Amino acid sequence: MIHSPSQLSHLWSLIFLLLSPGLAWSQTPGGGGSAISSTGLPPELIALRREGNEALFNMDYVTARTKAEEMQQRWPQHPAGDLFLATVIWLEHLNRSRRLQTNLYRDDSSFYAGAEKATEETEGDRVDPKLDRTFRHWIGQAKTKALALVNRNKNDPDALYYLGAVYGVLAGYEASTARKFFAALRNGSRSVDLHQKVVKLRPDYYDAYLSLGLYDYIVGSLPFVLKALAAIGGIRGNKARGIRELQEVIEKGVQSADDARILLLAVYQNENQPEAALRLLEELSAKYPRNYLIKLETALTLVQLGRAGEAYAIFEDLLKDPHAATAVDLVHYQYGEALATNREYERAAEHFIAAAHAPQAEQNLATLASLRAGQVYDLAGKRSEALAQYKAVLARPNVYDAHQQAQQGTKQPFRPKEKRPRSEE
């Protein structure tokens, strides 16, 4: 079930970027007791899971980690605690490295430049070895325990679900952190295969429809030629059906409904449906007021809708919000992108520069912010200011293809590429 990363890597990345913690859980316990023979979670661990979920949605990683460790201690032979801990480690890293932002994962993004190549030229984007070891240790533990459950009973939907969830979280990590898109596609496909088995055994196992709905959407989004080749191999998808499956999870009102909202948000943004995305963002923001990323996404969506004044007000509020105090660089960066979209280039440059020089700015984002400052200065006709920013980029470690873009910027003024209509893609 592996397709061309050039066609699908941006979709997998976007989807797993906001991968909800709910994909690491079973919402419908199979046994109801605390015995290890039951692969579903007992009531007391369901409560821990719910508390951990809420903490993650509110970006409280300390509490989420505590809940995961408590699960490990209370049910050491089950994969749930290890899987949740791996998920917390991964999502906390994405937050620290400023990769929990959907516009990073556009199909034309430089995020994909130089992927799969660990060279000196990309030293600014290497995965921290300690983080990588820690994540892979806990996801490996979860996989081992999930495989043991499956081997005990190959027709146990809970056991199959957990193993599929392991591969799903691993796919998200490979795509968004390691930028290994072949590995992400392989693991994503394994997750889907297992969750297809789950719904054959239990059609009402709605957690599994999260990954199945997204797979339907992804395969249904393939160009006609690739879709035809996939169909020959027995692989079929349907974009509309995938969206319906995600919507059904929300409508059922189960505990994974917010997970479906997050994932459907990614789909709507990929489909350029800002009105639908805004409705989901408003629902999520009301439930998780401490999540400043939801507010950032809301502001960017309002810009798409031509409601710039409302968007700018959100950015200004976020710059004063104590919950966003550790991410001032990201707020300035996204404020700059919003202003650039509205061709307010000089104001955009001011915010990109503020992002690059914010206290404790994330270093990769600082490089990208300097690059964007140079580009918008070019668009404003301020060539000398643009050149100064490009030189600043070249003096920093490379991130993605930032050096290549900066070198090109020193030779000729930046001009954005014209986007092709979807019908031409």
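# Salt bridges and helix packing in a predicted model

Let me begin with a single side chain: Arg96, with a relative accessibility of 45%, counts as partly exposed, because that value falls between the 20% limit for buried residues and the 50% limit for exposed ones. Please keep in mind throughout that the structure we are looking at is a predicted model.

Arg96 has a partner, Glu92, and the two form a salt bridge in which the closest N and O atoms are 3.7 Å apart. Both residues belong to helix H4, where they sit four residues apart, about one turn of the helix. Glu92 itself, with a relative accessible area of 18%, is buried, since buried means under 20%.

Which other residue forms a salt bridge with Glu92? The partner is Arg65, and here the closest N and O atoms are 3.2 Å apart. Because Arg65 lies in helix H3, which covers residues 61–74, while Glu92 lies in helix H4, which covers residues 79–96, this pair ties together parts that are 27 residues apart in sequence. Arg65, for its part, is partly exposed, at 30% relative accessibility.

That pair leads us to the two helices themselves. Two packed helices are described by the angle between their axes and by the distance between those axes. For H3 and H4 the angle is about 160°, and the axes are 7 Å apart. The two helices are therefore roughly antiparallel to each other, as angles over 145 degrees are counted that way. The crossing in which H3 passes H4 is left-handed.

If you want to find this packing on the screen, look on the H3 side for Tyr61, Ala64, Arg65, Ala68, Met71 and Gln72, which meet a set of residues in H4 including Phe84, Leu85, Val88, Ile89 and Glu92.

Now let me turn to another part of the chain. Glu344 forms a salt bridge with Arg347, with the closest N and O atoms 2.9 Å apart. Glu344 is partly exposed at 27% relative accessibility, and Arg347 is also partly exposed, with a relative accessible area of 35%. Elsewhere, salt bridges that share partners join Asp258, Arg261, Glu283 and Lys287 into one network. For the structure as a whole, the count comes to 18 salt bridges.

My next example is Val198, a residue in helix H7, which runs over residues 181–201. Is Val198 buried or exposed? With a relative accessible area of 0%, Val198 is buried. What does Val198 touch, if we leave out residues up to four places away in sequence? The residues are Pro157, Leu160, Tyr161, Tyr205 and Ala208. For Pro157, which is 41 residues from Val198 along the chain, the C-alpha atoms of the two are separated by 4.9 Å.

Finally, let us step back to the whole chain, which has 19 helices and zero strands. Of its 425 residues, 57% are buried. Among contacts between residues at least 6 apart in sequence, 67% join residues that are at least 24 apart. The accessible surface of the chain comes to about 18,300 Å², and 50% of that surface belongs to carbon and sulfur atoms.

Technical notes. Residues are numbered from 1 along each chain as its sequence is written. This is a predicted model: local features need pLDDT of at least 70, side-chain atom pairs count only at pLDDT 80 or more; totals for chains, interfaces and linings use all residues. Side-chain values use heavy atoms; hydrogens and water are left out. A salt bridge is a side-chain nitrogen of Lys or Arg within 4 Å of a carboxyl oxygen of Asp or Glu. Buried means under 20% relative accessible area, exposed over 50%, partly exposed in between (1.4 Å probe, protein chains only). Contact means heavy atoms within 4.5 Å. Accessible areas come from the Shrake-Rupley method with a 1.4 Å probe; for residues, only the protein chains shown count as cover. Axes are lines fitted to C-alpha atoms, for helices over the stretch in contact, and angles run from 0 to 180 degrees between N-to-C directions. Angles under 35 degrees count as roughly parallel, over 145 as roughly antiparallel, 65 to 115 as roughly perpendicular and the rest as oblique. A crossing is left-handed if the near helix is turned anticlockwise from the far one by less than a right angle, and right-handed if clockwise.
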